[in-house]
Amino acid sequence: MMEFNNNLPIYIQIMNLIKSKIVSGEINGGDKLSSVRDLSKELKVNPNTIQRAYQELEREGIVFTQRGMGTYVTEDIQVIRSLKMNMASEIMNKFIDDMKRIGLNMDEIKKMFIEWIEKEDR
Amino acid sequence: MKNIVEINNLTKKYSNKIALDNISLNIEEGKVVGILGPNGSGKTTLIKILTGLLRQTSGEVLIDGQKIGIYTKSIVSYLPDRNFLYKWMKIKDASDLFKDFYSDFDEGKFEELLRFMKLDRDMRIDTLSKGMHEKLNLSLVLARNAKLYVLDEPIAGVDPVARDEILNAIINNYNEKSSMIITTHLVRDMENILDDVVFLKDGKIILSDSAESLREERNMNIDDIYKEVFSQ
């Protein structure tokens, strides 16, 4: 069961959960999402909240609804690609902020980052 | 959206104590509403008025457009915060009792709930643990095809496993055509299943909004808002 610990609205946390599953390939383009009721049971969250998360994902073009069939992930590679890039830049922003907070400047961050990647590559 | 419950300027006094102080509240069809507040805040008094067990001192209460009476009692399914079954009964006797009392009692649904709760028709009421009691009571109440379910402290004092089963039963039985009012002080466990929350303090509504809007506005979950509001 997912823990909703932080202070974001739950529908946004559910959107983020689904987005990260899409980006990581756990759910593929064209796949059907769990029904509102099933996800509601799985996460122990009010069905209206799940419904809202699905609606917002649809508004963002990430999923689409087939009447009477269910909700499906878009097959548009561009959309999934840009979703991935958006998530990457959020992670990057957070990383830079955290590094600055512990007192490193951009040059030091850059140097460390490059060294780290070179070490990982080997 | 249609209101299933409309409360206007409701006041309840017990001799010289004011239990509910000029409360107004609407509850929409298809919503799960949490009435949150510590002991003595007026939660149970409010529920007893909605279910026709107490009369208000002043103000108006309408359920499905009607004053509290025979009709409203027929469409409200109520889970009291204490046991309401006789000790000598078996679970099947309790089922028969509900079938006799309520025309909207759905035996098939009850059997399904019993299976889900891992209870058996032949169990004796006086052998049930506290958690099993609570699960049985909830099964009876949810097996009615009511327009409004009123659940008074459905998870108080039960272990975490029973608590999860109770929450699941509530979610499974939710449908868009009926509404639920749930009172609790165990906000952390319940908040994810609530559409709207009403904070009751000393007989007054001090905050009432959709749970998601509150999280969005205050950057806090409902449990933290609850602690902030009631620690003052």
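B:Thr51 counts as buried at 10% relative accessibility, where buried means under 20% relative accessible area with a 1.4 Å probe, protein chains only. The model is predicted: local features need pLDDT of at least 70, side-chain atom pairs count only at pLDDT 80 or more, and totals for chains, interfaces and linings use all residues. Residues are numbered from 1 along each chain as its sequence is written, chains are lettered from A in the order in which they are written, and side-chain values use heavy atoms, with hydrogens and water left out.

**Surroundings of B:Thr51**

- B:Thr51 sits in the loop between helix H1 (43-50) and strand S4 (58-63) of chain B; helices (H or I, at least four residues) and strands (E, at least two) are DSSP runs, numbered from the N terminus.
- Not counting residues up to four places away in sequence, B:Thr51 touches B:Lys73, B:Val76, B:Tyr78 and B:Val150, with contact meaning heavy atoms within 4.5 Å.
- The side chain of B:Thr51 also reaches the backbone oxygen of B:Ile47, at 2.8 Å.

**Interface of chain A and chain B**

- In chain A, 18 residues are in contact with 21 residues of chain B.
- About 1,700 Å² is buried between chain A and chain B, 43% of it on carbon and sulfur atoms; this is the accessible area (1.4 Å probe) that two parts lose on being put together, summed over both.
- Helix H1 (10-23), helix H2 (36-43) and helix H3 (47-59) of chain A are the elements that give two or more residues to the side of chain A that touches chain B.
- H3(A) supplies the largest share of that side, four residues.

Note on methods
Buried < 20%, exposed > 50% of the residue type's maximum accessible area, 1.4 Å probe, protein only. Polar contact = N/O pair within 3.5 Å; in protein donor to acceptor, adjacent residues only side chain to side chain.
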